[in-house]
Amino acid sequence: MKKKYFIFNALISTLLHIMMFTQVNSAQNPVIHADVPDMSMIRVGDTYYMSSTTMHMNPGVPIMKSKDLVNWEIVNYAYDILDDVDELNLKNGKSSYGRGSWASCIRYHDGLYYVSTFSGTTGKTYIYSTPDIENGPWNTISFTPSYHDHTIFFDDDGRIYMIWGVGRLRMVELKEDLSGVKEGTEMVLIENASAPAGSNIGLPSEGSQLFKVNGKYYLFNITWPRGGMRTVILHRADKITGPYEGKLALQDKGVAQGGLIDTPDGRWFAYLFRDYGAVGRIPYLVPLKWEDGWPVLGVDGQVPDTLNLPAGKGLIPGIVASDEFERGENDPVLPLVWQWNHNPDNELWSVTRRKGYLRLTTGRIDTTFLSARNTLTQRTIGPECTGSTSIDVSGMKEGDFAGLALLQKKYGLAGVKFDNGVKSVVMVNAASGHPVEIESVPVSQKTVYLKAECDFGDRADVAYFFYSLDGQLWRPIGNQLRMEYTLPHFMGYRFGLFNYATKTAGGYADFDFFHIDDRMTEKN
């Protein structure tokens with residue numbers, strides 16, 4: 001009896017070990033615990049490319065690369081700036097928070113890569129193309145109107161189509177050179193694409209992405225029934241013009257909006273994303289199988305936590321990365337993990353004026369952090385993370401404020417403020433919707449260290465700020481920032497390095513480094 005009991009225990013122990021080993025060595029959902037929404041994806045040979053939305057950030061429409069669908073790195077952007085208008089330049093009291101460019105579509109056709117997007121800010125549709133997606137250069141075409149959440153489709157007969165819309169989906173045929181729409185080709189493709197999810201719809205179907213598999217056309221959309229969750233809707237047709245038959249394809253965890261991707265060995269997945277609080281909208285992969293000519297998403301209709309794909313190696317340095325601001329002769333001026341909040345003023349920042357530092361110089365008077373130009377940002381990442389920096393504040397002028405931000409509408413700041421001849425480390429909390437200076441500590445030295453820690457685990461969505469005078473002993477400052485994903489900004493929280501003037505332009509702050517960690521170093 002004891003022998004059987006021992007064998008049974010050994011068997012259970014072995015099974016548990018296998019399960020733990022499998023879990024550790026398998027990919028986990030979400031595959032990217034960071035704000036990478038509205039993904040569009042292609043595979044060219046054994047390499048995957050993905051585009052995403054970053055709206056008012058520039059450069060814009062990030063291009064990410066992977067060999068395994070799990071581990072991604074940013075390799076390019078479709079544009080440096082979307083357009084030269086006041087809203088994108090943060091001029092004359094205007095901004096493009098929550099707008100800029102939205103959902104993109106990435107395609108590969110006849111040796112060229114295409115990335116298209118649209119903008120409510122400018123009222124235009126943009127199409128970028130290049131033979132070298134990782135290095136460019138990009139050719140740019142733009143035309144009106146702005147086609148909402150569109151998908152471009154290159155059909156086998158050489159004709160090019162665009163599908164777009166909300167609820168009532170429309171299609172047009174594009175000119176051969178993609179410079180605009182062929183007159184007289186607009187048609188209603190699906191009168192009510194939300195119908196498979198029922199009649200009680202809050203968000204009508206949008207986010208169109210079209211694919212052709214084995215001669216049939218498959219159109220993916222998202223809809224959101226009232227009182228329910230974000231839902232995947234799928235339509236199928238034998239001809240691109242229809243008629244289309246639809247069905248509810250997935251309704252689990254609110255994971256929705258995306259499309260199809262296959263692997264070189266013949267497996268299929270849906271790439272989708274999930275609204276996940278203050279960290280943003282985070283990507284998931286959902287395995288699928290084909291039944292009766294339909295892709296069947298999920299495992300028993302659910303999004304699995306683990307995937308039969310290689311394990312993730314973390315988001316550092318592919319999606320976010322530390323930066324010492326040291327630049328060699330062949331180094332990029334700014335690594336691709338960085339994006340500016342709106343269009344930068346390139347005359348007022350530098351990584352060469354002082355070796356090993358990022359210098360942010362003020363060029364005008366601003367009254368609020370959100371109106372200031374040249375805030376340099378990176379994503380926050382989950383389930384927790386820390387960002388830290390060191391600033392030489394000796395070049396600041398009276399009225400300047402420079403530091404480390406957690407950027408969203410309800411932002412938090414820790415920085416050095418120069419006011420009435422005194423420099424102080426301050427913490428500002430805008431969780432109420434209005435900035436409130438919570439704490440101020442006078443400092444006399446020229447170098448100050450700042451740190452922000454974020455807890456996104458189980459949607460805790462709280463952050464803490466710290467300062468140090470030597471980079472070793474950290475002191476908390478201010479109070480807890482309760483982070484909230486707000487639609488006016490429509491973006492997960494970002495770390496930001498900032499400097500703006502409230503009295504006199506021309507002062508500067510020198511940032512020695514930015515370090516990011518995938519854990520909370522002080523609160524834990």
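Searching the whole structure turns up 2 cavities of 30 Å³ or more. A cavity here is a set of points, on a 1 Å grid over the protein atoms alone, where a 1.4 Å probe fits but cannot get out; points are joined across faces, edges and corners, and a volume is the space filled by probe spheres set on them. Keep in mind that this is a predicted model, where local features need pLDDT of at least 70, side-chain atom pairs count only at pLDDT 80 or more, and totals for linings use all residues. Residues are numbered from 1 along each chain as its sequence is written, and side-chain values use heavy atoms, with hydrogens and water left out.

**Stop one.** Select D38, M39, A103, S104, D149, H150, G207, S208, Q209 and Q257: they line the largest cavity (lining residues have an atom within 4 Å of a point). Its volume is about 60 Å³. Now colour strand 15, residues 201–213, which gives the most to this lining, with 3 residues (strands are DSSP E runs of at least two residues, numbered from the N terminus).

**Stop two.** Next pick V31, I32, M39, M41, M50, L69, W72, Y271, P283, Y284 and L285, around the second largest cavity. This one comes to about 40 Å³. Strand 21 (residues 281–291) is the top contributor to the lining, with 3 residues.

**Stop three.** How many disulfides does the search find? It finds 0, a disulfide being a pair of cysteine sulfur atoms within 2.5 Å. Show C385 and C454: the C385 sulfur has its closest cysteine sulfur in C454, 4.2 Å away, too far for a bond. C385 is also buried, at 0% relative accessible area (buried means under 20%, with a 1.4 Å probe and protein chains only).

Notes:
On a 1 Å grid over the protein atoms alone, a cavity is a set of points where a 1.4 Å probe fits but cannot get out, and a pocket is an open set with protein on both sides within 12 Å along at least five of seven lines; lining residues have an atom within 4 Å of a point. Helices (H or I, at least four residues) and strands (E, at least two) are DSSP runs, numbered from the N terminus. Buried means under 20% relative accessible area, exposed over 50%, partly exposed in between (1.4 Å probe, protein chains only).
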